[in-house]
Amino acid sequence: MRVTLRNHSVLITMLLVVTMLVGCGAQPAPAPKKAEAVDTRGILIYAERDDPVWLNPVLEKAGQDTRNNQLMFDSLFMVDVKGNVIPSIGASHTVSPDGREITVKLVTNAKWHDGTPVTADDVVFTFMAHLHPKVPSRYKGDLWALVGYDKIVDPKNPAPFSDFKPVETIDKYTVKFKLSQPYAPFLTVSLVNTMIVPKHLLEKDLEKMPESKFNQSPIGCGPFKFKSWKKDDSVVYEAFDDYYLGKPKLKGIIYRIIPDVTVQSLEMQKGSVHGMGV
(Lines give C-alpha, C1' and ligand atoms only; values in the text may rest on other atoms or scores of the structure.)
Protein backbone atom coordinates (compact mmCIF):
# COMPACT_ATOMS: atom_id res chain seq x y z
CA MET A 1 0.00 0.00 0.00
CA ARG A 2 1.35 3.47 -0.90
CA VAL A 3 1.90 5.69 2.21
CA THR A 4 0.73 9.30 1.72
CA LEU A 5 1.41 12.43 3.76
CA ARG A 6 -2.13 12.17 5.12
CA ASN A 7 -1.38 8.65 6.36
CA HIS A 8 1.67 9.95 8.21
CA SER A 9 -0.37 12.73 9.86
CA VAL A 10 -3.02 10.29 11.07
CA LEU A 11 -0.37 7.91 12.38
CA ILE A 12 1.43 10.69 14.29
CA THR A 13 -1.85 11.88 15.81
CA MET A 14 -2.71 8.33 16.93
CA LEU A 15 0.71 7.90 18.53
CA LEU A 16 0.33 11.18 20.44
CA VAL A 17 -3.08 10.14 21.75
CA VAL A 18 -1.78 6.74 22.87
CA THR A 19 1.19 8.43 24.61
CA MET A 20 -1.14 10.79 26.47
CA LEU A 21 -3.39 7.95 27.59
CA VAL A 22 -0.48 5.90 28.88
CA GLY A 23 0.90 8.98 30.68
CA CYS A 24 -2.44 9.47 32.38
CA GLY A 25 -2.38 5.91 33.70
CA ALA A 26 -4.72 4.28 31.14
CA GLN A 27 -4.30 0.53 30.88
CA PRO A 28 -3.36 -0.83 27.44
CA ALA A 29 -5.90 -3.10 25.76
CA PRO A 30 -5.24 -6.82 26.29
CA ALA A 31 -3.52 -8.62 23.45
CA PRO A 32 -5.97 -10.52 21.25
CA LYS A 33 -6.15 -14.24 21.83
CA LYS A 34 -4.54 -16.41 19.21
CA ALA A 35 -6.97 -18.38 17.08
CA GLU A 36 -7.07 -22.05 17.98
CA ALA A 37 -5.11 -24.17 15.55
CA VAL A 38 -7.27 -26.38 13.35
CA ASP A 39 -6.22 -30.01 13.24
CA THR A 40 -5.91 -30.80 9.54
CA ARG A 41 -4.32 -34.22 9.90
CA GLY A 42 -6.04 -36.62 7.54
CA ILE A 43 -7.74 -33.77 5.66
CA LEU A 44 -7.05 -32.98 2.01
CA ILE A 45 -6.96 -29.25 1.28
CA TYR A 46 -7.53 -28.32 -2.35
CA ALA A 47 -7.33 -24.86 -3.93
CA GLU A 48 -10.12 -23.78 -6.30
CA ARG A 49 -10.29 -20.49 -8.20
CA ASP A 50 -14.05 -20.09 -7.85
CA ASP A 51 -16.92 -21.01 -5.60
CA PRO A 52 -19.23 -23.73 -6.89
CA VAL A 53 -22.33 -22.37 -8.59
CA TRP A 54 -24.64 -25.27 -7.70
CA LEU A 55 -24.12 -27.97 -5.07
CA ASN A 56 -26.67 -30.07 -6.92
CA PRO A 57 -25.66 -32.43 -9.77
CA VAL A 58 -28.87 -31.81 -11.70
CA LEU A 59 -28.11 -28.09 -11.99
CA GLU A 60 -24.30 -28.00 -12.13
CA LYS A 61 -22.82 -25.67 -14.71
CA ALA A 62 -19.04 -25.55 -14.21
CA GLY A 63 -16.05 -27.76 -13.50
CA GLN A 64 -15.85 -26.70 -9.88
CA ASP A 65 -19.48 -27.75 -9.47
CA THR A 66 -18.63 -31.25 -10.67
CA ARG A 67 -15.55 -31.55 -8.46
CA ASN A 68 -17.61 -30.62 -5.41
CA ASN A 69 -20.62 -32.76 -6.30
CA GLN A 70 -18.52 -35.86 -6.98
CA LEU A 71 -17.51 -35.89 -3.32
CA MET A 72 -21.13 -36.07 -2.17
CA PHE A 73 -23.01 -37.94 -4.92
CA ASP A 74 -22.48 -41.20 -6.80
CA SER A 75 -23.62 -42.44 -10.20
CA LEU A 76 -24.93 -45.88 -11.09
CA PHE A 77 -21.60 -46.98 -12.52
CA MET A 78 -17.96 -45.98 -12.87
CA VAL A 79 -15.47 -46.65 -15.65
CA ASP A 80 -12.02 -48.04 -14.88
CA VAL A 81 -8.76 -47.10 -16.64
CA LYS A 82 -9.41 -49.75 -19.29
CA GLY A 83 -12.86 -48.38 -20.11
CA ASN A 84 -14.76 -51.16 -18.37
CA VAL A 85 -18.03 -50.37 -16.61
CA ILE A 86 -17.73 -51.22 -12.90
CA PRO A 87 -20.33 -51.13 -10.11
CA SER A 88 -21.18 -48.13 -8.00
CA ILE A 89 -24.79 -47.62 -6.87
CA GLY A 90 -25.63 -49.97 -9.73
CA ALA A 91 -24.48 -53.42 -8.62
CA SER A 92 -25.06 -55.04 -12.03
CA HIS A 93 -26.79 -54.52 -15.36
CA THR A 94 -28.25 -56.45 -18.27
CA VAL A 95 -28.97 -55.31 -21.82
CA SER A 96 -31.83 -56.75 -23.86
CA PRO A 97 -30.96 -58.63 -27.10
CA ASP A 98 -32.21 -55.70 -29.22
CA GLY A 99 -30.15 -53.21 -27.18
CA ARG A 100 -33.19 -51.09 -26.33
CA GLU A 101 -33.59 -51.93 -22.67
CA ILE A 102 -31.01 -51.67 -19.88
CA THR A 103 -31.99 -53.16 -16.53
CA VAL A 104 -29.94 -52.11 -13.51
CA LYS A 105 -29.87 -53.84 -10.12
CA LEU A 106 -28.87 -51.47 -7.32
CA VAL A 107 -26.80 -52.19 -4.24
CA THR A 108 -29.04 -52.57 -1.20
CA ASN A 109 -26.80 -50.92 1.41
CA ALA A 110 -26.40 -47.40 -0.01
CA LYS A 111 -27.75 -44.60 2.19
CA TRP A 112 -28.27 -40.90 1.89
CA HIS A 113 -26.34 -38.85 4.40
CA ASP A 114 -29.53 -38.46 6.45
CA GLY A 115 -29.77 -42.26 6.80
CA THR A 116 -32.55 -42.82 4.23
CA PRO A 117 -31.92 -45.81 1.89
CA VAL A 118 -31.07 -45.12 -1.75
CA THR A 119 -33.69 -46.87 -3.91
CA ALA A 120 -34.90 -47.22 -7.46
CA ASP A 121 -37.30 -44.33 -6.89
CA ASP A 122 -34.32 -42.00 -6.45
CA VAL A 123 -32.82 -43.18 -9.75
CA VAL A 124 -36.05 -42.69 -11.68
CA PHE A 125 -36.56 -39.27 -10.11
CA THR A 126 -33.02 -38.17 -11.00
CA PHE A 127 -33.24 -39.00 -14.68
CA MET A 128 -36.73 -37.58 -15.05
CA ALA A 129 -35.61 -34.40 -13.26
CA HIS A 130 -32.91 -33.89 -15.88
CA LEU A 131 -35.56 -34.29 -18.59
CA HIS A 132 -38.16 -32.00 -17.05
CA PRO A 133 -38.75 -28.99 -19.34
CA LYS A 134 -38.67 -26.60 -16.36
CA VAL A 135 -35.37 -27.90 -14.98
CA PRO A 136 -32.30 -26.15 -16.49
CA SER A 137 -30.08 -29.23 -16.77
CA ARG A 138 -27.11 -29.00 -19.11
CA TYR A 139 -27.10 -32.82 -19.30
CA LYS A 140 -30.60 -33.02 -20.77
CA GLY A 141 -29.25 -33.65 -24.27
CA ASP A 142 -27.15 -36.60 -23.10
CA LEU A 143 -30.37 -38.52 -22.52
CA TRP A 144 -31.73 -38.12 -26.06
CA ALA A 145 -31.88 -41.91 -26.63
CA LEU A 146 -34.61 -42.44 -24.03
CA VAL A 147 -38.05 -43.28 -25.40
CA GLY A 148 -40.21 -40.17 -25.85
CA TYR A 149 -37.31 -37.76 -25.31
CA ASP A 150 -38.48 -35.10 -27.82
CA LYS A 151 -41.95 -34.86 -26.30
CA ILE A 152 -40.77 -35.05 -22.70
CA VAL A 153 -38.40 -32.08 -22.95
CA ASP A 154 -40.74 -29.96 -25.11
CA PRO A 155 -42.37 -27.31 -22.86
CA LYS A 156 -45.14 -26.89 -25.48
CA ASN A 157 -46.13 -30.56 -25.46
CA PRO A 158 -49.74 -30.84 -24.18
CA ALA A 159 -49.23 -34.33 -22.70
CA PRO A 160 -48.50 -34.30 -18.94
CA PHE A 161 -44.88 -34.87 -18.02
CA SER A 162 -45.96 -37.71 -15.74
CA ASP A 163 -47.38 -39.66 -18.71
CA PHE A 164 -43.90 -40.55 -19.93
CA LYS A 165 -42.02 -43.45 -18.37
CA PRO A 166 -38.72 -44.04 -20.20
CA VAL A 167 -37.22 -44.96 -16.82
CA GLU A 168 -39.24 -47.37 -14.67
CA THR A 169 -39.04 -48.84 -11.20
CA ILE A 170 -39.27 -52.63 -11.38
CA ASP A 171 -38.89 -53.14 -7.64
CA LYS A 172 -37.24 -51.31 -4.74
CA TYR A 173 -33.75 -51.94 -6.06
CA THR A 174 -34.26 -52.48 -9.81
CA VAL A 175 -34.61 -49.89 -12.59
CA LYS A 176 -35.27 -50.27 -16.32
CA PHE A 177 -34.20 -47.74 -18.98
CA LYS A 178 -36.04 -47.88 -22.32
CA LEU A 179 -34.26 -46.55 -25.40
CA SER A 180 -35.67 -45.59 -28.78
CA GLN A 181 -32.70 -47.30 -30.44
CA PRO A 182 -29.54 -49.12 -29.38
CA TYR A 183 -27.02 -46.61 -28.05
CA ALA A 184 -23.93 -48.01 -26.31
CA PRO A 185 -22.77 -44.65 -24.81
CA PHE A 186 -25.97 -44.54 -22.75
CA LEU A 187 -24.42 -47.20 -20.53
CA THR A 188 -20.80 -46.07 -20.65
CA VAL A 189 -21.45 -42.31 -20.51
CA SER A 190 -24.99 -41.37 -19.44
CA LEU A 191 -25.26 -43.88 -16.59
CA VAL A 192 -21.71 -43.04 -15.50
CA ASN A 193 -21.99 -39.24 -15.56
CA THR A 194 -25.48 -38.84 -14.08
CA MET A 195 -25.12 -38.53 -10.29
CA ILE A 196 -28.17 -39.70 -8.34
CA VAL A 197 -30.05 -37.22 -6.13
CA PRO A 198 -32.58 -37.88 -3.30
CA LYS A 199 -36.20 -37.91 -4.36
CA HIS A 200 -37.50 -37.43 -0.80
CA LEU A 201 -35.67 -34.11 -0.50
CA LEU A 202 -36.08 -32.65 -3.99
CA GLU A 203 -39.42 -33.92 -5.31
CA LYS A 204 -41.36 -30.98 -3.86
CA ASP A 205 -38.94 -28.56 -5.55
CA LEU A 206 -38.89 -30.23 -8.97
CA GLU A 207 -40.33 -27.32 -10.95
CA LYS A 208 -38.42 -24.67 -8.97
CA MET A 209 -35.20 -26.55 -8.32
CA PRO A 210 -32.87 -23.52 -8.65
CA GLU A 211 -34.67 -22.00 -5.67
CA SER A 212 -34.38 -25.06 -3.45
CA LYS A 213 -32.57 -24.75 -0.10
CA PHE A 214 -31.04 -28.12 -0.95
CA ASN A 215 -28.55 -26.35 -3.27
CA GLN A 216 -26.92 -24.59 -0.30
CA SER A 217 -26.81 -27.56 2.09
CA PRO A 218 -27.03 -30.75 0.00
CA ILE A 219 -27.41 -34.32 1.17
CA GLY A 220 -25.85 -36.98 -1.00
CA CYS A 221 -24.89 -40.64 -0.79
CA GLY A 222 -21.20 -40.35 -1.71
CA PRO A 223 -18.05 -40.81 0.39
CA PHE A 224 -18.11 -37.30 1.87
CA LYS A 225 -20.94 -35.29 3.37
CA PHE A 226 -21.42 -31.55 3.27
CA LYS A 227 -20.38 -29.64 6.39
CA SER A 228 -20.20 -25.93 5.54
CA TRP A 229 -19.87 -23.41 2.71
CA LYS A 230 -18.46 -19.95 3.31
CA LYS A 231 -18.68 -18.01 0.05
CA ASP A 232 -15.35 -16.75 -1.34
CA ASP A 233 -13.53 -18.73 1.34
CA SER A 234 -14.08 -22.47 1.54
CA VAL A 235 -16.34 -25.51 1.19
CA VAL A 236 -15.83 -28.16 3.86
CA TYR A 237 -16.67 -31.87 3.71
CA GLU A 238 -16.30 -34.66 6.23
CA ALA A 239 -16.08 -38.41 5.73
CA PHE A 240 -19.35 -40.37 5.61
CA ASP A 241 -18.70 -43.33 7.88
CA ASP A 242 -21.64 -45.36 6.51
CA TYR A 243 -20.58 -45.09 2.86
CA TYR A 244 -21.68 -48.27 1.09
CA LEU A 245 -18.27 -48.83 -0.54
CA GLY A 246 -16.45 -48.49 2.78
CA LYS A 247 -15.44 -45.68 5.10
CA PRO A 248 -13.19 -43.13 3.33
CA LYS A 249 -9.51 -43.10 4.26
CA LEU A 250 -9.55 -39.31 4.62
CA LYS A 251 -11.22 -37.55 7.54
CA GLY A 252 -12.37 -34.77 5.27
CA ILE A 253 -11.73 -32.50 2.32
CA ILE A 254 -11.57 -28.71 2.24
CA TYR A 255 -11.87 -26.71 -0.96
CA ARG A 256 -10.26 -23.32 -0.36
CA ILE A 257 -11.32 -20.56 -2.74
CA ILE A 258 -8.11 -18.85 -3.97
CA PRO A 259 -8.75 -16.94 -7.25
CA ASP A 260 -5.08 -16.12 -7.95
CA VAL A 261 -3.14 -19.07 -9.36
CA THR A 262 0.13 -17.52 -8.19
CA VAL A 263 -1.19 -17.45 -4.63
CA GLN A 264 -2.32 -21.05 -5.05
CA SER A 265 1.23 -22.01 -6.05
CA LEU A 266 2.69 -20.20 -3.04
CA GLU A 267 0.25 -21.99 -0.76
CA MET A 268 1.30 -25.29 -2.34
CA GLN A 269 4.96 -24.49 -1.62
CA LYS A 270 4.13 -23.71 2.00
CA GLY A 271 2.17 -26.95 2.30
CA SER A 272 -1.04 -25.23 3.33
CA VAL A 273 -2.84 -26.70 0.30
CA HIS A 274 -2.22 -30.09 -1.26
CA GLY A 275 -3.66 -29.61 -4.74
CA MET A 276 -4.78 -26.96 -7.21
CA GLY A 277 -7.77 -26.49 -9.49
CA VAL A 278 -7.59 -25.55 -13.16
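Modeller: R256 has a relative accessibility of 27%, so it counts as partly exposed; buried means under 20% relative accessible area, exposed over 50%, and partly exposed in between (1.4 Å probe, protein chains only). This is a predicted model, in which local features need pLDDT of at least 70, side-chain atom pairs count only at pLDDT 80 or more, and totals for chains, interfaces and linings use all residues. Residues are numbered from 1 along each chain as its sequence is written, and side-chain values use heavy atoms, with hydrogens and water left out.

Biologist: Is E267 buried or exposed?

Modeller: The relative accessibility of E267 is 12%. The cut-off for burial is under 20%, so E267 counts as buried.

Biologist: Which residues do salt bridges that share partners join into one network with R256?

Modeller: A salt bridge requires a side-chain nitrogen of Lys or Arg within 4 Å of a carboxyl oxygen of Asp or Glu. Through shared partners, the network joins R256 with E267 and K270.

Biologist: In which helix does the partner of E48 lie?

Modeller: E48 forms a salt bridge with R67, with 2.6 Å between the closest N and O atoms. The pair links distant parts of the chain, 19 residues apart: E48 belongs to strand β1 (residues 43-48), and R67 to helix α2 (residues 63-72). Helices (H or I, at least four residues) and strands (E, at least two) are DSSP runs, numbered from the N terminus. The helix asked for is α2.

Biologist: How many salt bridges does the structure hold?

Modeller: One of them joins D241 and K247 at 3.9 Å, N to O. The number of salt bridges in the structure is 9.
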